[in-house]
Amino acid sequence: MSKKRDRWDSSSSSEEEKEEATPKPLAASKNNSATKATTTTTSSNKFPLHNPLLQGCRSVYDTYDRIDKVSEGSYGIVWKARDLATQEIVALKQIKFEQPELMEQQGFPLTALREISTLLQLQHESIVGVKEMVVGSGDDKVFMVMEFMEKDLQQAIKDTRQYPNVLRQAELKGIMKQILEGVAYMHEHWMLHRDLKTSNILVHSTGRVALCDLGLARRYEVPAQPLTLLVVTLWYRAPELLMGETKYGPPIDVWSLGCIFGELILAGEALMQGQGELDQLDKLFQMVGLPTEESWPDYDQLPHASMFRWKKQTSKDNDNRSAPLLAKKFPINAPPHFKQSFLDGNGYDLLSKLLALDPKQRITAKEALAHPYFHTGVPSELPVLF
Ligand SMILES: Nc1ncnc2c1ncn2[C@@H]1O[C@H](COP(=O)(O)OP(=O)(O)O)[C@@H](O)[C@H]1O
Ligand SMILES: [Mg+2]
């Protein structure tokens, strides 16, 4: 019965959700009675000043009313909610505790801590904004309050931009420009995202696009220090990661951006859909060509290089295989019957530079923003995704 009272319990049924949908004061729990006293709103003071350093995080019961579950992923549940004081719609990401009973020994989940601290440090139009942290009745119920964005990019393209209504080139530019600005900002602030993909990019009805899900984000250094290889969803994973390079840096995010750009052009179909790491490498080499002395001179020194026994290519061999799949899949100036967006020569050039095999030769996010693609031809526009 006590469970039913908790409208922020993720296991409660939809009926209970409906029943609890209208804002009503809830019995104060052990630790929200203290916060309540310091954050009470009055009609003359709708936006109480709350200092979490002095007063602790506010209680979710006093501050937000849940509307709907948006998604349940690996690291948390995302809710659509309403701010009880301002009526503003927000998103609450509930931190998932795998084994709440082990919380005392293992502490707060590292991915959640990373995400919160990174998002609080980074403030940019193209990165989802975080407002505050709020807590529930127990130590194991913690929420990150974010601005609400209607959809993620993957969903938006699937829902509204299928053939023949594929993204126009101006919109493609508008989306890529915003994503690149967010990533360039992160890299300038010594942060890697490490999980860029279309479902980790949010879109607003205004056409604004913002990066989210910074659970794998972390600081990088120059010269690069060894980092874990267990990052980036397989289809968006850079060749150097697949080849075991632990001293990686910003180019891994740029590779993911190349995959995202391709996916947007193909109306939502992921570019390289490997079934495992080896298959992913195979698909990737088919797409952009096998490494050569020119395309990736350091390739031989990579930890996993000896595990693969293909014959070393010369650039001539690659030419004979004709342009790899990339050129076939993305014909320049092709008419729209390919069920994909129009791409001009500059667009193709940018795509191939984002997907350069050698991380040292790969274009940076900042350089990509200066690429002629964004400065010639049709100007960029905010996308219409609703
Ligand atoms: N601020 C937000 N507004 C609206 N929807 C969001 C927001 N943040 C996340 N989502 C949705 O929830 C999904 C999961 O969130 P995400 O932060 O990517 O967590 P996970 O670690 O579970 O992948 C996203 O793909 C997106 O669809
Ligand atoms: Mg995600």
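Author: One term is needed at once: buried means under 20% relative accessible area, exposed over 50%, and partly exposed in between, with a 1.4 Å probe and protein chains only. This is a predicted model, in which local features need pLDDT of at least 70, side-chain atom pairs count only at pLDDT 80 or more, and totals for chains, interfaces and linings use all residues. Residues are numbered from 1 along each chain as its sequence is written, chains are lettered from A and ligands numbered from 1 in the order in which they are written, and side-chain values use heavy atoms, with hydrogens and water left out.

Reader: Is threonine 206 buried, exposed or partly exposed?
Author: Threonine 206 counts as partly exposed because its relative accessibility is 49%.

Reader: And where is threonine 206 found?
Author: Threonine 206 sits in the loop between strand S9 (201-203) and strand S10 (209-211). Strands (E, at least two residues) and helices (H or I, at least four) are DSSP runs, numbered from the N terminus.

Reader: What does the side chain of threonine 206 reach?
Author: The backbone nitrogen of arginine 208 is reached at 3.3 Å. The side chain of threonine 206 also makes a polar contact of 3.0 Å with that of histidine 204. A polar contact is a pair of N or O atoms within 3.5 Å; within protein, one must be able to donate a hydrogen and the other to accept it, and residues adjacent in sequence count only if both atoms are side-chain atoms.

Reader: Turning to the magnesium ion (ligand 2), which are its protein donors?
Author: They are Asn200 (OD1) and Asp213 (OD), lying 2.1 Å from the ion. Asparagine 200 lies in the loop between strand S8 (191-192) and S9, and aspartate 213 in the loop between S10 and strand S11 (218-219), so the pair ties together parts that are 13 residues apart in sequence. Donors are N, O and S atoms within 2.8 Å of the metal (3.2 Å for Na, K and Ca); water is not among the atoms, so sites may look incomplete.

Reader: Are asparagine 200 and aspartate 213 buried or exposed?
Author: Both of these residues are buried.

Reader: How many residues surround ligand 1?
Author: There are 19, and the closest are Lys93, Met149, Asp152, Ser199 and Asp213. A residue is near a molecule or strand if one of its heavy atoms lies within 4 Å of it.

Reader: Which polar atoms come close to ligand 1?
Author: A polar side-chain atom of asparagine 200 lies 2.9 Å from an oxygen atom of ligand 1. A backbone N or O atom of glutamate 147 is 2.9 Å from a nitrogen atom of the ligand, and a side-chain N or O atom of serine 71 is 3.4 Å from one of its oxygen atoms.

Reader: A new topic: which peptide bonds are cis?
Author: The bond from tyrosine 163 to proline 164 is cis, with omega near 5°, and so is the bond from valine 222 to proline 223, with omega near 0°. Proline 164 is in the loop between helix H8 (153-160) and helix H9 (169-188).

Reader: What is phi of arginine 194?
Author: Phi of arginine 194 is near 70°, a positive value in a residue other than glycine. Most residues other than glycine have a negative phi. Arginine 194 is buried, with a relative accessible area of 2%.
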